[in-house]
Amino acid sequence: MTKGPSGDVVVVGAGMVGAACALYAARAGLDVVLVDRGPVAGGTTGAGEGNLLVSDKEPGPELQLALLSCRLWTRLAEELGAAVEYESKGGLVVASTPEALTALTALATGQRAAGVETVAVAPGQLHDHEPYLAPGLAGGVLYPQDAQVMPTLAAAHLVRASGARLETGRTVTGVLRGADGAVRGVRTGQGDILAPAVVNAAGTWGGEIAALAGARLPVLPRRGFVLVTEPLPRRVRHKVYAADYVADVASDSAALQTSPVVEGTAAGPVLIGASRERVGFDRSFSLPVVRGLAAGAIRLFPFLERVRVMRTYLGFRPYMPDHLPAIGPDPRVPGLFHACGHEGAGIGLATGTGHLIARALTGESPELDVTPFRPDRFAASPGGRP
């Protein structure tokens, strides 16, 4: 097999997480090769909405990672802001009933104790923040730290800023290992890429890359649709979603779930989500899902009933059984690092993930406890399930 480029680390996957891993590894002084079987942002990233959120995370390790990522995104925005359409627009979570508002308020109290900025919004104040919001809602919570980027642009600019050697159109078919079991690089159809470290940032296909190295990582695809409206004057100021969205994100159910999520974009179209279902890699168009998303959005913003949808698209979120990504070295395979399984939060969590990976690669102490993200935490139990 012919030899291709070599370096200090090969990052597999040129989505947002892989791009961030390449960026921070390069800034730590490492020679990085970034490889993908498709183009930059050709997978989950290209099918995302670009959300950088703290609002949808319950107190715990994922929220701590989100807060770290938020700080890092803010710094990157100073470098790249206009180029990646970074908007620090904030998020508004609304409750339709008093019971839902009670649950939302309790969540916000816990988030605030963990370091999140939250602002309670009384029913009479909702239209001050979102004038076109439906009447009769029970109240909400404003999250000033929520932001958004244009995901494909952001991934491309992170790759460019990293200076990594980009190898697209190269499918990884094996992980090379020495006699001692340690990683030596990756095998592709166009030749080997040699390096003493490999970062698995393959998103929904992270389980396949792990398996090539002889490690088990239970990453599953979770399908989601997004609707894109015709360009409009700016009528939706924040990312706005119903309080039950947080419960849907945390659900273990494989069945279809939809909860309204509506946000404007710098270019004018309104993005409408969010659906979640585990149906493998089935890319079939689903009219019931699309109708459900549209109906939910109209309940939040009645004016949308008169707006045309230009297109719909779908993607697959890399779902893990405990809803936490795998980040860090794999003790089962020396030299193998994982940065995948972020589900729908990969764009927002990419910077923190890349930062933690760079520290692991260079032997520096992480800024937060990475134990909950250990890649080997899914040791098989009796019956073979994690």
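**Chat on strands, hairpins and a helix pair**

Me: Start with β11 and β12. In what sense do they pair, and over how many bridges?
Reply: This is a predicted model. In it, β11 and strand β12 (residues 191-194) pair in the antiparallel sense, over 4 bridges.

Me: How many residues sit between them?
Reply: 2 residues; β11 and β12 form a hairpin.

Me: Which residue in β12 is the bridge partner of T188?
Reply: G191 is the partner of T188 there.

Me: OK, β10 then. Is its pairing with β11 parallel or antiparallel?
Reply: Antiparallel, with 5 bridges joining β10 (residues 172-177) to β11 (residues 183-188).

Me: What about the hairpin of β10 and β11, which residue takes a positive phi?
Reply: G181, with phi near 90°. That hairpin has 5 residues between the strands.

Me: In what sense do β13 and β20 pair?
Reply: Parallel, over 3 bridges, between β13 (residues 198-200) and β20 (residues 336-340). One of the bridge partners is H338 in β20, which goes with N200.

Me: New topic, α1 and α5. At what angle do the axes cross?
Reply: Roughly 25°, and the axes of α1 (residues 16-27) and α5 (residues 151-162) come within 8 Å. Angles under 35 degrees count as roughly parallel, so α1 is roughly parallel to α5.

Me: Left-handed or right-handed crossing?
Reply: α1 passes α5 in a left-handed crossing.

Me: Which residues make the contact?
Reply: On α1 they are M16, A19, A20, A22, L23, A26 and R27. On α5 they are P151, A154, A155, L158, V159, A161 and S162.

Me: How do those divide into nonpolar, polar and charged?
Reply: The contact of α1 with α5 has 12 nonpolar residues, 1 polar and 1 charged.

Note on methods
Residues are numbered from 1 along each chain as its sequence is written. This is a predicted model: local features need pLDDT of at least 70, side-chain atom pairs count only at pLDDT 80 or more; totals for chains, interfaces and linings use all residues. Side-chain values use heavy atoms; hydrogens and water are left out. Axes are lines fitted to C-alpha atoms, for helices over the stretch in contact, and angles run from 0 to 180 degrees between N-to-C directions. Angles under 35 degrees count as roughly parallel, over 145 as roughly antiparallel, 65 to 115 as roughly perpendicular and the rest as oblique. A crossing is left-handed if the near helix is turned anticlockwise from the far one by less than a right angle, and right-handed if clockwise. Contact means heavy atoms within 4.5 Å. Ala, Val, Leu, Ile, Met, Phe, Trp, Tyr, Cys and Pro count as nonpolar, Asp, Glu, Lys and Arg as charged, and the others, Gly among them, as polar. Two strands pair if DSSP finds at least two bridges between them.
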